[in-house]
Every structure is written in C-alpha cells, then in structure tokens.
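Please read them with the structure open beside the text.

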Amino acid sequence: MPNLTITGGPLAGQQFSFSESAVIGRGAYSDIRIDDSTVSRRHAEMICGSDGIWRIHDLGSANGILYRGQPLRGELRIEGSVDLVIGEVAVTVNTVDSQTPRQGAESSFPQLVERIELLAWIAAVPARREGAAVLISQVLEAVRDRFVGCQRISLFVTRPGSRTLVAYGQDQAASDAQRAISLALAQACLRHVDGVAGGASVIEPLGVAGAPTGILAAPVILGGETMGVMVAESERSDTWNPMDRSLAKGIASVLAGLLEAERGNHPDRRVAERDLLLARRVQQHFLPQSTVRLPGYQLAEAYVPARVVGGDHYDYFHFTDGRVGMVIADVSGKAVSAALVMARFGMAMRLLANQAGTPLDLLVTLNILLIEELEAGMFVTAQVIALDVESGAIEIANAGHPPPLLRAADGKVEQLVLEPGAALGANAQTRFCSSSIILAHGDCLLLFTDGLDEAQDIEGEQFGIERAMTAMKRAGQAPAILAEINKQLDAFVGSADAADDLTLLLLSRD
C-alpha cells in the first residue's frame with residue numbers, strides 16, 4: 001500500500017498509508033495530517049490515475065512543495081519512491097509496497113486462516129465472565145504465543161486528561177532498556193491510526209534506536225478517544241507483513257472495549273465520579289437559582305464548565321444605594337482546584353455585595369480577602385457593574401477581566417475600552433478604576449469569560465472576539481444573542497475538547 005513517511009524535523013518517523021486519492025495538509029479533515037505551521041490546511045493531493053501511476057500536485061498552498069530543491073509546478077509522477085519537502089517538512093512518498101506477500105510465499109492462505117482464527121477468538125473474549133483486567137492479559141498472551149519470533153507484547157495506556165503513556169502492567173522478563181524501547185515504539189505509533197506491521201521498512205521511519213526486527217502495533221481508540229497503544233515486537237522480520245495492519249487494528253479495538261470496561265468497574269473511579277457530581281451540585285448552589293426581573297430590561301445567562309466542575313462565577317445583587325449589581329469572575333486554572341476557590345469567592349460575594357456602595361468598593365474588599373486565602377500563583381479576574389434602572393447609567397469596575405461587548409440599537413457592535421486593572425488576589429496595593437456608560441433603549445451589553453474568545457477548534461485556532469461580535473450582529477433580537485453565539489461557538493469548536501469554562505451574561509434594555 002502506498003505510504004508517506006516524514007523523514008525530518010520533530011515529526012520524523014510518522015507514517016501514513018493511503019489507497020485512494022488523499023489530501024495532505026494541516027487541517028482536521030486532511031487524509032494525511034501533518035501538524036506543522038508551514039503546512040497549509042489543504043496543501044497537496046495524491047491521485048492515482050487510470051494508468052495506475054500516482055501523481056501529486058499542489059493545492060495552492062502558501063509554502064509550496066520542493067522536488068530536488070526546486071518548487072513543484074503542475075503534477076509530479078511518482079513511480080517508486082521520491083523525496084519531497086512539503087512546506088518545510090521533509091517526506092518520502094513510496095507508491096510500491098516492497099513487503100506485500102508474494103504468491104506462494106509462507107504468508108499465503110494457511111497463514112491468513114490462522115490470523116482469521118486468532119482474530120475470531122479475540123473478538124469472543126469480551127463475552128467471558130472473567131474480569132476485564134484478566135481478559136486483557138489473555139488477549140496479549142494469545143498474540144505473543146501465536147506468532148513465531150514474538151518476544152514481547154506491551155499495552156500502554158493514557159490516564160484521563162493526559163496524553164502521557166504508561167505501561168499497563170509490566171513484563172517481568174524485560175529489562176529496563178527493553179521497556180524503554182517498547183515505550184518509545186508506542187509513542188511513535190500513537191498517531192498511526194491504520195496500524196503498523198512489518199519489518200525494517202516500517203520500523204526505520206519510526207526513528208527508535210535499538211528497535212526490534214519486526215513490529216505489530218496500533219493505537220487503542222474508542223469513540224474517538226485514544227486510550228493507549230498495543231505494541232508487539234519480534235526478533236524476526238517475517239513475523240508480520242504490512243497486510244497485518246488490519247489484524248493490529250482489530251486486536252486494538254477489542255482491547256479498547258476491555259479497557260473501558262475495566263476503567264468503569266474500578267471502585268476508585270466510581271467513587272471519584274460520585275464525588276465530582278456531588279461537588280457540581282454543591283457548586284451550583286453558589287450560582288443564581290433564578291434570573292433577576294427588571295422592568296424594561298432583559299437578563300440572560302449561559303454557564304458551561306469545561307470539566308464536571310468549573311472556575312467561573314456570576315451573581316446578581318443590590319448595592320446600598322439601590323442600584324442593581326452584577327458580577328462575573330474567572331479563577332485561574334480549571335476543574336477541582338478552581339472550583340474550590342470559586343466556591344469561597346461565591347460565599348464572600350453573598351456576604352459582602354449588599355454592603356458595598358460601589359463596584360470599586362466591592363473589588364477592594366474582595367481583593368483584600370483573597371490575598372489572605374489564595375495559594376501563590378492563583379488569582380481571580382472579575383468585573384462588577386452597577387445599573388441605575390431608571391436612567392440606564394452603568395458603572396463598570398474591572399479587575400483583569402476581558403472588557404464587555406456592547407451592541408447598539410442600530411446593530412453596531414464594539415468592545416468597550418476599560419482600564420484593565422490587576423486581577424484579584426495579586427497585590428494588596430492594587431488600585432482599581434471604574435468607567436461609565438449609558439445603556440440606551442435597544443442596547444445590549446454582553447459580559448463574558450475568556451472561555452468565549454479563547455475557545456479553540458481541533459487545530460488550536462481561537463474563536464476570537466471578532467467572531468463573537470459577528471454573532472451578536474447576526475442575532476437580530478436581543479433574546480437570540482446567546483443562542484446565536486453558542487451556535488457559532490459549537491460549530492467552530494466541533495469535536496475539540498473545551499479549553500476553558502464559559503460564562504455569558506447578557507443585559508439588554510427594551
């Protein structure tokens with residue numbers, strides 16, 4: 001099967017196979033994805049012509065393709081193997097599979113039957129009554145014992161929230177050096193979703209010193225989540241051939257199901273999940289249980305934690321002079337640590353807010369309190385506003401928080417210019433400033449945390465303020481603004497994990 005191997009730079013050793021036309025690029029939907037900033041999202045395309053000859057052509061990329069040191073113009077016929085530079089990434093494209101089994105060779109029909117029988121046996125393993133950990137060991141032992149020359153087989157897994165591979169159990173017969181080689185092979189094969197199988201021609205591009213003579217490997221993936229890597233090593237070059245990639249993927253898919261069952265049945269994990277759900281319910285008590293009703297105004301909010309619990313906070317209250325107060329805040333960090341700080345912040349808000357005369361008074365008091373309680377390196381950004389319902393006058397005090405967006409009645413959207421101020425808990429001598437605006441009839445004010453503008457798609461690009469402003473313009477009536485922003489945000493982020501908690505507060509005047 002034709003393949004592309006990266007031969008230079010930090011991505012060296014990554015190998016991608018293809019059987020039909022394939023787009024090469026940095027984009028999430030490229031068939032051959034090269035994560036390098038010099039590669040365009042749709043950089044080039046490989047096509048097999050009716051004559052059976054593969055060709056590559058540029059798709060209008062920014063940095064082009066070099067062949068023999070010269071920019072590629074038009075199409076390049078690839079008969080055999082060629083070296084190219086895509087952007088600034090050196091690759092080798094090979095359209096001849098040198099290890100395809102020959103007719104009548106040892107790996108012919110009887111060997112195929114053996115592999116089918118092994119895969120059928122492995123596929124039936126999950127139906128057994130033994131625990132998942134025992135069944136995983138049985139699958140690994142079956143692979144090791146079935147193939148002549150197989151020295152060891154290893155399973156490396158990732159912990160929830162981490163991409164670091166750790167050994168699932170240990171081969172007591174293996175030395176520390178051998179385990180290090182197995183781990184390096186697993187890391188090199190992590191991105192080879194089609195599996196890796198064969199001898200020197202597939203091992204050498206992985207760039208692992210001291211690698212074995214033969215390898216069978218595949219990432220363990222379930223529901224789009226990479227849970228680990230299975231790696232089998234052989235002292236012979238003919239134990240596996242490139243056609244065995246499908247076998248590796250089949251074994252890995254069974255291991256994925258068993259790993260998920262093993263994780264779900266682990267008592268410690270069940271306790272931790274229950275604790276997190278309880279923490280989420282407790283945290284929700286510190287958020288407003290209903291929206292404040294203001295004659296002539298509309299209030300709406302959206303709150304989405306990146307994890308089970310989050311580090312964002314918002315609330316409504318009244319200042320001593322009768323003005324309506326609103327606060328939005330964001331703790332540095334995420335998950336449990338941020339949630340604990342935010343719970344304390346919420347308690348302080350409930351106690352202090354109704355005693356404050358102005359937004360500045362409230363920020364100063366909160367800052368003094370947090371300096372005494374926050375761990376080194378932690379801080380809270382916050383924004384407090386005071387609304388005079390009759391006049392629409394708004395006083396805004398800021399503590400290192402992103403300035404709000406204002407949409408005028410004519411549809412024009414701008415980001416307010418505020419004194420940024422320092423975050424709460426950073427310095428006892430911090431001086432905060434306030435600004436004033438008038439919320440005219442038909443105006444909308446959007447307060448938000450950085451989970452909006454810093455939300456990232458699968459390629460790491462941020463949503464940004466401009467997209468948020470465009471969504472506000474497009475929304476039409478004020479009640480539809482949050483729905484439109486969330487719609488655009490979901491479409492942009494796609495399947496990428498949430499990078500940060502998201503809170504949106506919308507105040508509009510009829």
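1. Helix α9 passes helix α10 in a right-handed crossing, a crossing being right-handed if the near helix is turned clockwise from the far one by less than a right angle, and left-handed if anticlockwise. Helices here (H or I, at least four residues) and strands (E, at least two) are DSSP runs, numbered from the N terminus. The model is a predicted one, in which local features need pLDDT of at least 70 and side-chain atom pairs count only at pLDDT 80 or more, while totals for chains, interfaces and linings use all residues. Residues are numbered from 1 along each chain as its sequence is written, and side-chain values use heavy atoms, with hydrogens and water left out.

2. The axes of α9 (residues 464-474) and α10 (residues 481-493) come within 8 Å and cross at roughly 135 degrees, which makes α9 oblique to α10. Axes are lines fitted to C-alpha atoms, for helices over the stretch in contact, and angles run from 0 to 180 degrees between N-to-C directions; angles under 35 degrees count as roughly parallel, over 145 as roughly antiparallel, 65 to 115 as roughly perpendicular and the rest as oblique.

3. Which residues of α9 meet α10? On the α9 side they are R467, A468, A471, M472 and R474, and their partners in α10 are I481, E484, I485, Q488 and F492, where contact means heavy atoms within 4.5 Å. The residues of this contact divide into six nonpolar, one polar and three charged; Ala, Val, Leu, Ile, Met, Phe, Trp, Tyr, Cys and Pro count as nonpolar, Asp, Glu, Lys and Arg as charged, and the others, Gly among them, as polar.

4. Within α9, the residues G464, I465, A468, M469, A471 and M472 are buried, that is, under 20% relative accessible area, with exposed meaning over 50% and partly exposed in between (1.4 Å probe, protein chains only). The buried residues of α9 pack against β22 (405-407), β23 (413-415), β25 and α10. Just after the helix, G476 takes a positive phi of about 80 degrees.

5. Five aromatic pairs are counted, under the rule that rings of Phe, Tyr and Trp (its six-membered ring) pair if their centres lie within 6.5 Å, with planes under 30 degrees apart counted as stacked, over 60 as edge-to-face and the rest as tilted. The rings of Y314 and Y316 have centres 6.2 Å apart and planes at 70 degrees, so this pair is edge-to-face. Y314 is buried at 6% relative accessibility, and Y316 is buried at 10%. Together with Y303, these two tyrosines form one aromatic cluster.

6. F463 and F492 form an edge-to-face pair, with 5.5 Å from centre to centre and 70 degrees between the planes. This pair links distant parts of the chain, since F463 lies in the loop between β25 (444-448) and α9 whereas F492 is in helix α10, 29 residues apart. F463 counts as buried at 2% relative accessibility, and F492 counts as buried at 16%.

7. R245 is found in helix α5 (residues 245-264) and is buried, with a relative accessible area of 12%. Leaving aside residues up to four places away in sequence, R245 touches M1, S17, D194, G195, V196 and A197.

8. For the chain as a whole, there are ten helices and 26 strands, and buried residues make up 49% of the 510 residues.
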